[in-house]
Structure formats: structure tokens, C-alpha cells
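Me: I am new to this structure. Can you take me through it in short steps?

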Amino acid sequence: MNLLRGKSSESGNVQIDGHSSSCFPSSSTSTPRWTYKYDVFLSFRGSDTRKKFTSHLYEALKRNGITTFRDDESLDRGAFIKPELLKAIEESKIAAVIFSRDYASSSWCLTELAKVYECMGKKKLIVLPVFHDVDPSDVRKLRGTFEDAFAKHLIDNTENVQTWKDAVTEVAGIFGWDLRDELESTVIEKIIQRINNGLDCEVLSVSEYLIGVESRVQEMLDLCLGERLDCVRFIGICGIGGIGKTTLAREIYNKIFRDFEASSFIDNIREESESQRPVCLQKQLLSKILMSTQKNISNVYEGINVPRKRLRNKKVLIVLDDVNEEEQLKALAGKDEWFGVGSIIIVTSRDRHLLRRHGVKHIYEVKELNDDKALKLFSWKTFKKPHPEENYVDLSKHFVKYANGLPLALEVLGSL
């Protein structure tokens, strides 16, 4: 078992499989929470698809209330791409790229695509490729019309060709839709569902004062993403009540959920299980992952069969918060084979032994805040600044000692 013990200080050692190693980097930069002007940016070759598939998709997006940027065909397409187009990509949450036979013959389209590829890394832009009358493998491997187009670009745009090739190869390698395999109307329906899924996965709210959380987040990110994800990974977050397990799980979720096909965060499972049947939690989980109500689930066993059948090929992120019984885990995330390769299941619990019994191999144990961080958190909550008022230093330190490094206790005492 890999047991990582979060330290109350900024540095130290961690235990991995019984061996001591250097602590993960303690500094972390918060992921920017981008604001979006457009839900979707459409990238397409006008002469191939504007009056056909792209037009039908655009109308479907409008009918579903999805704010979409589609360049006006009256724009003067000169030698240089309009700056407002590149800005629109930066201001979009999702980009739908429609690869067609002559897509790569347009330097304008390739410049758009290079910007899309850049924003995938910088702004976590969600990219949905669609293959219109073209083999996805030909696009990805730059064969056929794509090979011909790049041969011509080598004459006029030598300095941009490699960047364009990289963008085409990477974006075409993302799971998308091949219009040769299904009806156009069916594909559009699936794209709308996928876009709605992406738009509904919003950032979770977290505590206003995240003192001592950044170093823990960095350690958890290394645990989640530090190894090649060619399997399904269960990760536990363990610690006593009020220690900050849920806050840490929410921060991790906010930073990585865009990297998955679907995601779900189920809060307060221990409390919810006291007032409702496990099947209600199963419905809640599946409705978020599959974007459907799952009304046909009438018992726990049916609720187990659905993810086994529907999620086994999906890369998903699931967070199960405050689990206290193994039956809850069996009902919501029973086995690795329920989920697609690359999936991450994060479970927060006060019971480390429960996590071990369920086969969770990676467990991060959250420790109390040290005195300096505890005083800083208390001061922010009480005085709205990082240190106590001059006349209240001793009294503040008394409260900090009483709270014993528990973030929840510090916040409650500070607010009073």
C-alpha cells in the first residue's frame, strides 16, 4: 500500500511502500478560473461543410441555448487570420473541430487549430473533433488530402508547418465522432449531449481561506497524475473529522475534472446514507456521469450493473466524499473494471482500514495545521487579515491551541 502522510510543515518526507523519499514540491500555483464568453467555438472549412453539417450543428446548438461562435462567411479572408477569431478561441470553453477533406488546405483553419491546441494546455479548453467524409487515421497520420495540403504549405508557410502538423496530430488523436459510421442527426445529438456535459461540470465552491492547502494539493496532484495513467486508480484521502479532507478533494476536483470525459462529486455520503437508500446515491452519481435521470434503477443491484456496462469505456473522475461503510463503496465504485482506462476514483473517509479493505492502494493522510498556519487561518477568519490585532495576539494563540490544528474548528471559532 502507498501511504502518503501530509505534513503540517511545508517540507518533509513521505512514506511510499515503506521507503522514505523526498517530499513532493511544496509550492503550488492555483489553477486560473477562466470566464468564458462563448460555450463553443466552431472550427471548420467553409467550402466543405458550412452549408451542410456545420449549419445543422450550429442550429442545434442555438436551439439548446448553447452560445456558439461561428465566423461570419462575409469576413474578408485575407492572408492573415483576424485577431478576433483567435480571441474568440481563448474566450470559449469548448472547441468543436470539424475535420474535412480540404480542412488542411486552409492556412486560416490550421492557424485556428494551432490556437485551439495551445488553449488545450493553457486554459484547459475542451476539444471535440468531428471527422466529416475523412478517415480519422488519415487525419492523425497526415495522409491523403492532408499530406497533399502540407506538401503545398511547405512552399509558402515553412515556419508554421511543424506547429500545424503537431496541432492536427494531437487534436485528431482525441476521441471524437466519425460521420461515416452514423447518421448526421445521431452524431449531432451526441455532440449536444457531450457539450451539455462539459458545460454542467462547473467548478465547485471551496472555503474562502485556503491556508495550508496548496502544499497538500501539490502532493495529491503528484499522486493522481505523477504516474502514467494506463489503469484505473483508486485514491483515498484519510483523516479525522474537520481536518480538511473535503476541501482538499474539492480543490483537486476543480484542477483536473476538465481532463476527463465525465466527472461527478458526491457530497456527504455518510450523512446522506442515513436518510436515503443507496440506490438514490447511485442515481445521483449516474445522472451526473451519463447526463440522464436513470429512472429505471429500482434496486442496488441494477445500480451496480449500469456503471459496469456504461462506464467501462469512459475515462471518468469520481469523488465520493465522507464514506463510512464498505457497502457504500461497493454500490458506487465497486471494482476497477467498472471504469475506463485513465479513470480516477477519489474517496474521502475517516476510516483508513475501510479504504484498505476496499483495495485502495494510494492513501493520503491529512494532518493538522502547524501553529503558524493555524494562527493565520484563525486571523483571516476573525480579523480579515493574516495576523491578529495587536491586543488580541495572546487570546488568538489560546484559541489556536484549543483548536489543535483542525481547520474546521479554527473557522468556527474565528467566525464567532
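What follows is a set of questions and answers on a predicted model.

Me: How many helices and strands does the chain have?
Reply: The model is predicted, and its chain holds 416 residues. Of these residues, 47% count as buried. The secondary structure comes to 18 helices and 13 strands.

Me: Among contacts between residues at least 6 apart in sequence, what percentage join residues at least 24 apart?
Reply: This question is about contacts within the chain. Start with those between residues at least 6 apart in sequence. The share that joins residues at least 24 apart is 74%.

Me: Which strands stand at the edges of the open sheet of 5 strands?
Reply: The order in this sheet is β5-β4-β6-β7-β8, with parallel pairing. An edge strand has a single partner, so one side of it is left without a neighbour in the sheet. The strands in that position are β5 (68-69) and β8 (177-178).

Me: What separates the C-alpha atoms of G176 and V130?
Reply: G176 lies in the loop between α7 (158-172) and β8. Its relative accessibility is 18%, so G176 counts as buried, the cut-off being under 20%. Along the chain, G176 and V130 are 46 residues apart. Their C-alpha atoms are separated by 5.6 Å.

Me: At about what angle does helix α4 run to β6?
Reply: Helix α3 (residues 83-90) lies across β4 (38-43), β5 and β6, and runs at about 130° to β4. Helix α4 (residues 107-122) lies across β4, β6 and β7. Its angle to β6 is about 140°.

Me: Which residues are linked with E90 in a network of salt bridges?
Reply: Side chains of opposite charge can pair when their charged atoms come close. E90 and K115 meet in a salt bridge of 2.7 Å, N to O. This pair links distant parts of the chain, with E90 in helix α3 and K115 in helix α4, 25 residues apart. The network joins E90 with K115 and E118.

Me: How many residues of strand β12 are buried?
Reply: Strand β12 spans residues 344-349. I344, I346 and T348 point one way, and I345, V347 and S349 point the other way. Residues on both sides are buried.

Me: Which residue stands opposite V347 in β12?
Reply: β12 pairs in parallel with strand β9 (residues 233-238) over 6 bridges, and there I237 stands opposite T348. β12 also pairs in the parallel sense with strand β11 (residues 316-320), over 4 bridges. Opposite V347 stands L320.

Me: How many residues apart are R270 and D322?
Reply: Their side chains meet in a salt bridge of 3.1 Å, N to O. R270 lies in helix α11 (residues 269-275), and D322 lies in the loop between β11 and α14 (326-332). R270 is partly exposed at 27%, whereas D322 is buried at 13%. The pair links distant parts of the chain, 52 residues apart.

Me: What separates K330 and E327 in helix α14?
Reply: K330 forms a salt bridge with E327, with the closest N and O atoms 3.7 Å apart. K330 is partly exposed at 39%, and E327 is exposed at 53%. Both lie in helix α14, 3 residues apart, so they are separated by about one helical turn.

Me: About what accessible area do L408, V412 and L416 have together?
Reply: V412 lies in helix α18 (residues 407-415). V412 is partly exposed, with a relative accessible area of 42%. With L408 and L416, V412 forms a nonpolar patch on the surface. Their accessible area together is about 340 Å².

Note on methods
Residues numbered from 1 in each chain as written. Predicted model: local features only at pLDDT ≥ 70, side-chain atom pairs only at ≥ 80, totals over all residues. Heavy atoms only, no water. Patch = residues over 30% accessible without salt bridge, like charges linked within 9 Å, V, L, I, M, F, W, Y side chains within 5 Å. Areas by Shrake-Rupley, 256 points an atom, 1.4 Å probe, with all protein chains shown as cover. Salt bridge = Lys/Arg side-chain N within 4 Å of Asp/Glu carboxyl O. Helix = DSSP H or I, 4+ residues; strand = E, 2+ residues; numbered from the N terminus. Buried < 20%, exposed > 50% of the residue type's maximum accessible area, 1.4 Å probe, protein only. Pairing = 2+ DSSP bridges. Contact = heavy atoms within 4.5 Å. Axes fitted to C-alpha atoms, helices over the stretch in contact; angles between N-to-C directions.
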